[in-house]
Amino acid sequence: MSTDTTASVSTHILDTSVGRPAEGVAVRLAARAGRAGDWRALGGSATDADGRCKDLPDLPEGTTHVRLDFAVEAYFEPTSATQQADAQQDAPANRDSETFFPEVTITFAVRPGEHYHVPLLLNPFGYSVYRGS
């Protein structure tokens, strides 16, 4: 939750290759104060069945930059929930199990008092990200 002196962050992932939320993706959160500041790991979470991380740690006062690290390679492995969902959905049954981007790192600037929702649209060979609401 943001305050007048801090910002807050939330995220979710949609697997655009199957048109479903990406469940079980590990997400790490780091922050720094200023461009020259050192990154400070704040903790992490994993996406739920709706593809959302609802329990990311609060940002410390003075944070100006935030980094979200998404560990997506394991999600695309054949034993993942996504492959199981493929069997139940009208989705590509023989999707290649390799992913071009094993990790996705998004770095962005924040201002105190603002909330930043950062959705990740993901597939095995590409991704897109934007500031949501």
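Tutor: A cavity here is a set of grid points where a 1.4 Å probe fits but cannot get out. Keep in mind that this is a predicted model.

Student: OK, what volume does the largest cavity have?

Tutor: The volume of the largest cavity is about 30 Å³.

Student: And how many cavities of 30 Å³ or more are there?

Tutor: The count is 1 cavity.

Student: Which residues line the largest cavity?

Tutor: The lining is made up of T5, T6, A7, P60, G62, T63 and P112.

Student: How many of the lining residues are nonpolar, polar or charged?

Tutor: The lining has 3 nonpolar residues, 4 polar ones and no charged ones.

Student: Switching topic. Which residues in the largest nonpolar core touch the most other members?

Tutor: Those are L59, L68, F70 and F108, out of 26 residues in that core. Two or more residues each come from β1 (8-15), β3 (26-32), β6 (65-71), β7 (103-109) and β8 (115-123).

Student: Which element gives the most to this core?

Tutor: That is β8, with 4 residues.

Student: What is F108 in contact with, leaving aside its neighbours within four places in sequence?

Tutor: With those neighbours left out, F108 contacts V9, T64, H65, V66, L68, Y116 and V118.

Student: Now T47. Where is it found?

Tutor: T47 sits in the loop between β4 (40-46) and β5 (52-53).

Student: Is T47 buried or exposed?

Tutor: T47 counts as buried because its relative accessible area is 5%, and buried means under 20%.

Student: Which backbone oxygen does the side chain of T47 reach?

Tutor: The T47 side chain reaches the backbone oxygen of A22, at 2.6 Å. A22 is also among the residues T47 contacts once neighbours within four places in sequence are set aside; the others are I13, E23, G24, V25, V27, R52 and C53.

Student: Last one, R67. Which strand is it in?

Tutor: R67 belongs to strand β6.

Student: How is R67 classed, and why?

Tutor: R67 is partly exposed because its relative accessible area is 23%, which lies between the 20% limit for buried and the 50% limit for exposed.

Student: What does the side chain of R67 make a polar contact with?

Tutor: The partner is the side chain of D69, at 3.5 Å. Apart from neighbours within four places in sequence, R67 is in contact with R28, L29, A30, W39, T105, I106 and T107.

Student: How many residues apart in sequence are R67 and A109?

Tutor: R67 and A109 are 42 residues apart in sequence, and their C-alpha atoms are 9.0 Å apart in space.

Note on methods:
Residues numbered from 1 in each chain as written. Predicted model: local features only at pLDDT ≥ 70, side-chain atom pairs only at ≥ 80, totals over all residues. Heavy atoms only, no water. 1 Å grid on protein atoms, 1.4 Å probe; cavity = no way out; pocket = protein on both sides within 12 Å on 5 of 7 lines; lining within 4 Å. Points joined across faces, edges and corners; volume = space filled by probe spheres on them. Nonpolar A, V, L, I, M, F, W, Y, C, P; charged D, E, K, R; others polar. Buried < 20%, exposed > 50% of the residue type's maximum accessible area, 1.4 Å probe, protein only. Polar contact = N/O pair within 3.5 Å; in protein donor to acceptor, adjacent residues only side chain to side chain. Contact = heavy atoms within 4.5 Å. Core = buried A, V, L, I, M, F, W, Y, C linked by side-chain atoms within 4.5 Å.
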